[in-house]
Structures are given as C-alpha cells and as structure tokens.
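Here is a quick tour of a protein chain, written to be read with the model open beside it.

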Amino acid sequence: MKEKLKVGDWVEVRSQEEILATLDANGWLDGMPFMPEMLRFCGKKFQVHKRAHKTCDYSGPKPRSRRVDRTVHLKTHCDGSAHDGCQAGCLLYWKEEWLKPVSGEVSEGAAPKPAGQLPERRESNAGCTEPDLWAHTKVSDPNGGPPTYICQTTQIPHATGNLEWWDVRQYFEDYWSGNTSLARVFNGLIYSIYYHLSEAGIGVGVPMRWLYDKLRFLWGGSKWPRTAGMIPDGSPTPTAKLNLQPGELVRIKSHEEILQTVSTTNKNRGMYWDAELVPYCGGTYRVLDSVTKIIHEQTGKMQEMKSPCIILDSVVCQARYSACRMLCPKGMYPYWREIWLERVGPASDGGNSRGSGQEHAAAEGDIPFREEGDRAECVSQRPASLAQK
C-alpha cells in the first residue's frame, strides 16, 4: 500500500500464510506482535476504524504518547484466548502489511475485490509459524513465579517512536485521517488552554472552574471534568453489588452522584474516577463484560481484581482531557464500579460477544487498570487534553 489508509477504507486481512511471511522469528513486524488472537480474522474484510498513527504508552512512570507507523485499528478486539483469558479487550493494531485494500463498493458478506500486491518479505524477517506465535505469548519465570506476558500492549515501547504533545503534525493527521472532526480538535485545543491556565498558579484557577460550571449549559456539558470527589482522602468509600451480567442495560449515574462516591483524589476503593468517563454520565448502555483479570502494561503480569469491574458496550476512552495524549485513537474500555451504575432493564438475548470485531461501535478510548499490593488502581489512559491528572 503506497497511500496511508484512512477511516472508512475497506480492507481485507491477508491470509495466515501471507502474514506469517512478514514476521520475524518472534512473530513481530517492526516490534509489533501479530498475536494468535488475530488469526481468526484472516481473510475477513473490515472498514478502517481509526488510523493508529499514535497511541498511549503506560510502560513508564508517567503516561506518554508514542508514534506508530503504517498501522490502523479495525473494529477487532483481543479476546485474550492466547493470554490466559486476559479480559482487557484491547483494540488490535494492524500493520498495513497485514492488510490489502478492497476496491469498489463493498457490503458485508460480499466477495471482496483485492487490490494491491503481496506484502514484501523483508530481508531481516525469517518468517514464523503458528506455533511460534503461541510460543511467544509469554515467558516463564525461572524462579517459578507467574509468567510475563507479551502482547501488543506490552510491546508498545518497542513498536513505536517518541511523540511529543506539541508536535502539531499529529493533530493534522487526526483530522485528515478521519479519526476525528475538526470541531473535536478545536474543542480539545480550547479545553487544554483553559485547563493549563487554570492550573498555572496565578490565582485564576478557582474563578475559571466556577465560570466553567456556570456556563456549561451552553455546550450541554457536565461539571468541570476534573472536579474532586466529596469523600476525604483516606476515608472509606461506598460500594454496591448489582451482580450485573453481559447484555443488561444500565444507566451511568450523573457526575454529581458519582462524585459523592469517590475521595478527594477521585478514587473508589483504589479505582480512579477519571475525567474521560465524564462524557458518558447519564447515558444508558449495555453491559459488555464483568472483568476480573487483565495484563498489567508495565510488568506484563496478570493482575487479579479484588472485585469485578464492568465494561460497557461502545463506551471507550475518547482522549478529551488527558495530559499530552489528546485524541489518542487507542480506544480502551474504561472500568466502572457497580456503584456508578444502575440497572434499567433486563438482559437481552445473549448480550454482546466481545472480540468478534463487528459488535463494537467503539467510540474512542479507555482506562487501564492496575493492582499494586493491597490497592487496585485505575490509571487514566486517554489523550484528550494536555492536562495531567
């Protein structure tokens, strides 16, 4: 492919044999793993969901943005089947070498018309086999401890390059690729300027936040996105057990209601309530899954949650408010405490099946969860504004 793919372009995932020929002995291309979970999509066609020209990286002490070359997101999610059932449901990365464009009008189920040539086999790539893919999903601990998992998310530092928030080329690409609208880019810029001015330590923060809350009716928004919770830090935070199941309809409580359940550092039993969840407040969504374990991005270890967290269909991080990661297309699922939700309807027939790649109207982003010692902490994973929480 000579031209970069854009949102809405139709592509067909190449055959298993073609893709394996592009990979090195580890099953990687330019440091990006092709995972066994992706094999089920071979030969299928999809529209480009986002151009993954940048992404969030949580491997270091502070989240940062990273540049990714010739990569896109399709509406395909990892089901964790090759990684001991990780439930993060990450949006998969597809190198353009693993795809071929489909010419003409395409409807779901129609035979695709491939355009383009076979992917080049790179001199440095010896190719690999399907067993090689499975063999490189985790590394055993020589001391008998839990294994370290290898996946696209844990490999982000090795498959990407540095990207500074002030590199304006990324925002032009956000727009020209079709990832986001010009209005969203403009709104993100305005919020970022407003936020940083309010945090500049020049005595205008309180009146600026007050003004934002007073004028929010003009744009139909909620309270200041980074409003602190009501419970003193260190005091117990409330809990609720709804035993929600996939397919059930729930309403996300209002921003004001949720602030009464989190501490002044915006945590509920260690889980962080982030500004990126605010745009969904008051909305009704369907439960996608109850999450109990995910792979920690920094350590590659499987993390068991002390209590299940809920993910909702079509509810993802939109990267509106996060520092130095504005408009990241990573689209991770945020995690919701059940106390932030209320049941509004019965379960549907079977609910939604995560990972098929076609049930998700993924909006644009999400929040990673990590557990440390006694505390389970949800860390922001969105790039929206340039504000650090």
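What follows goes from the chain as a whole to its sheets, one histidine and the cysteines.

## The chain overall

First, a caveat: this is a predicted model. The protein chain has 7 helices and 20 strands. Of its 389 residues, 54% are buried.

How much accessible surface does the protein chain have? It comes to about 17200 Å², and carbon and sulfur atoms account for 54% of that. As for contacts, take those in the chain with a separation of 6 or more: 78% of them link residues 24 or more positions apart.

## Strand β1 and its two partners

β1 has pairing with β4 (residues 45-51), antiparallel and over 3 bridges. There, glutamate 12 sits opposite lysine 45. β1 also pairs with β9 (residues 99-101), again antiparallel and over 3 bridges. In that pairing, valine 11 has proline 101 as its bridge partner.

## A three-stranded sheet

Next up is an open sheet of 3 strands, ordered β5-β6-β12, with antiparallel pairing. Which strands stand at its edges? They are β5 (54-57) and β12 (161-162); each has a single partner strand, so one side of each has no neighbour in the sheet.

Zooming in on β5, 4 bridges tie this strand to β6 (residues 64-67), and the two run antiparallel. Cysteine 56 is bridged to serine 65 of β6.

## A four-stranded sheet

Another open sheet has 4 strands in the order β17-β16-β13-β18, also with antiparallel pairing. At its edges are β17 (302-312) and β18 (341-345), each pairing on one side only. How are neighbouring strands turned against each other here? On average by 45°, with direction ignored.

Within this sheet, β13 (residues 249-252) and β18 pair antiparallel over 4 bridges. Look for leucine 249, which stands opposite glycine 345 of β18.

## Histidine 83 in its loop

Now for a loop residue. Histidine 83 is found in the loop that runs between β7 (71-77) and β8 (91-95). Its relative accessibility is 2%, so histidine 83 counts as buried, the cut-off being under 20%.

What does histidine 83 touch, beyond residues up to four places away in sequence? The list is Met35, Glu37, Thr137, Tyr149, Ile150, Cys151, Ile295 and Met302. With isoleucine 150 there is a polar approach as well: a polar atom of the histidine 83 side chain lies 2.7 Å from the backbone oxygen of isoleucine 150.

How many disulfides does the model have? The count is 0, going by a cut-off of sulfur atoms within 2.5 Å. Cysteine 86 is a case in point: the nearest cysteine sulfur belongs to cysteine 90 and is 6.2 Å away, and cysteine 86 is in no disulfide.

Cysteine 86 has a relative accessibility of 11%, so this residue counts as buried. Cysteine 128 is buried too, with a relative accessible area of 10%.

Note on methods:
Residues numbered from 1 in each chain as written. Predicted model: local features only at pLDDT ≥ 70, side-chain atom pairs only at ≥ 80, totals over all residues. Heavy atoms only, no water. Pairing = 2+ DSSP bridges. Buried < 20%, exposed > 50% of the residue type's maximum accessible area, 1.4 Å probe, protein only. Contact = heavy atoms within 4.5 Å. Areas by Shrake-Rupley, 256 points an atom, 1.4 Å probe, with all protein chains shown as cover. Axes fitted to C-alpha atoms, helices over the stretch in contact; angles between N-to-C directions. Polar contact = N/O pair within 3.5 Å; in protein donor to acceptor, adjacent residues only side chain to side chain.
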